[in-house]
Amino acid sequence: MAMALAAKRAISTAMAMRKGSETCGTVTWVRGFAAETGPVQTEDARVRMQNVDVERMFASGKKAQKTFLDNLLKVEPYAPSQERKENALPMRVIHVNRTCKVTKGGGNFRFAALVVVGNKKGGAGFGSGKGNEVPIAIEKAYAKAAKNLYQFDLYRAHTIFRRSDASYCKTKAVLMPAPLGTGIGANETIACICELAGIKDLRAKIVGSHHPHNTVKAVFKALENIEHPEIVARRRGLVAIEQMDF
């Protein structure tokens, strides 16, 4: 119903501009709806636009008009990256996958993105999104990752407290603490997660499948399994004593 109303609104606006416009015969379409009268959007706003020649559209046949409306209704709204707030979380793109559905009219490409966000103070999250274009998929993934945050306990704000193993499907992640100044000894995916989570020293390896989605979920599962020693000692009625100085 909403899509039909959008199409009617688009057609009525196009007809009005066709009859009353004296300057040009084009209409600017923003996110599937006709743009309201007002200041013209600049390219810096990164708003998705599509310029449609109204005179040419109405001069063509019904088949061409139907094709135009079908393409108009396929436009999906998305949040431009430039509209993020200044205090937005840092983001790293882990993987982008492309799929193609072959149809009679050609191939329809879609993209799936996997991103990781974090505050570099022990908080991080991941999310995936899909879209007709890479920026759209990344923005959807960022929105999901920002709502799916984890808080990890860090030892002196540079490494983890103990070794942690976790598995997801056929992927096993092994995380080990490291002394100050060691750096991140792991693959690029784990290094991105550690950078955004605020982990500066860590040794890690992946056993089994290196699929990016499985790797990210296994690493987050391993980090989530690490608890602060004082919390564990309090739960068991003991006292935590530090024996190694990393």
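This is a predicted model: local features need pLDDT of at least 70, side-chain atom pairs count only at pLDDT 80 or more; totals for chains, interfaces and linings use all residues.

Biologist: Fine. How many helices and strands does the protein chain have?

Modeller: The protein chain has 7 helices and 11 strands. It runs to 246 residues, of which 34% count as buried.

Biologist: Helix 4 next. What span does helix 4 reach?

Modeller: Helix 4 covers residues 134-146, which is 13 residues, and reaches 18 Å from its first C-alpha to its last. That is close to the 18 Å expected at 1.5 Å a residue.

Biologist: Which residues of helix 4 are buried?

Modeller: Ile136, Ala137, Ile138, Glu139, Ala141, Tyr142 and Ala145. Their cover includes strand 4 (91-103), strand 5 (106-118), strand 6 (123-131) and strand 7.

Biologist: How many residues of helix 5 are buried?

Modeller: Helix 5, residues 188-197, is mostly covered, with 7 of its 10 residues buried. Among them are Cys192 and Cys194, along with Ile190, Ile193 and Leu196.

Biologist: What do the buried residues of helix 5 pack against?

Modeller: They pack against strand 4, strand 5 and strand 6, and also against strand 10 (184-185), strand 11 (202-208) and helix 6.

Biologist: What follows helix 5?

Modeller: Glycine 198, which has a positive phi, near 90°.

Biologist: Changing topic. How many aromatic pairs are there?

Modeller: The structure holds 6 aromatic pairs. One of them is tyrosine 150 with phenylalanine 152, a stacked pair at 6.2 Å centre to centre and 10° between the planes.

Biologist: Are those two buried or exposed?

Modeller: Phenylalanine 152 is buried, because its relative accessible area is 5% and the cut-off for buried is under 20%. Tyrosine 150 is at 23%, so it counts as partly exposed.

Biologist: Why is the pair of tyrosine 150 and phenylalanine 220 called tilted?

Modeller: The planes of those two rings stand at 55°, so the pair is tilted, and the centres are 5.5 Å apart.

Biologist: How accessible is phenylalanine 220?

Modeller: Phenylalanine 220 is buried, with a relative accessible area of 2%. Phe220 also belongs to one aromatic cluster with Phe126, Tyr150 and Phe152.

Biologist: In which sense do strand 10 and strand 11 pair?

Modeller: They pair in the parallel sense, over 2 bridges. Glycine 185 has arginine 203 in strand 11 as its bridge partner.

Biologist: Last one. Where does threonine 159 lie?

Modeller: Threonine 159 is in the loop between strand 7 (149-151) and strand 8 (164-168). Its relative accessible area is 0%, so threonine 159 is buried.

Biologist: What does the side chain of threonine 159 reach?

Modeller: The backbone oxygen of aspartate 201, at 2.8 Å.

Conventions
Residues are numbered from 1 along each chain as its sequence is written. Side-chain values use heavy atoms; hydrogens and water are left out. Helices (H or I, at least four residues) and strands (E, at least two) are DSSP runs, numbered from the N terminus. Buried means under 20% relative accessible area, exposed over 50%, partly exposed in between (1.4 Å probe, protein chains only). A polar contact is a pair of N or O atoms within 3.5 Å; within protein, one must be able to donate a hydrogen and the other to accept it, and residues adjacent in sequence count only if both atoms are side-chain atoms. The expected span of a helix is 1.5 Å times one less than its number of residues. Contact means heavy atoms within 4.5 Å. Rings of Phe, Tyr and Trp (its six-membered ring) pair if their centres lie within 6.5 Å; planes under 30 degrees apart count as stacked, over 60 as edge-to-face and the rest as tilted. Two strands pair if DSSP finds at least two bridges between them.
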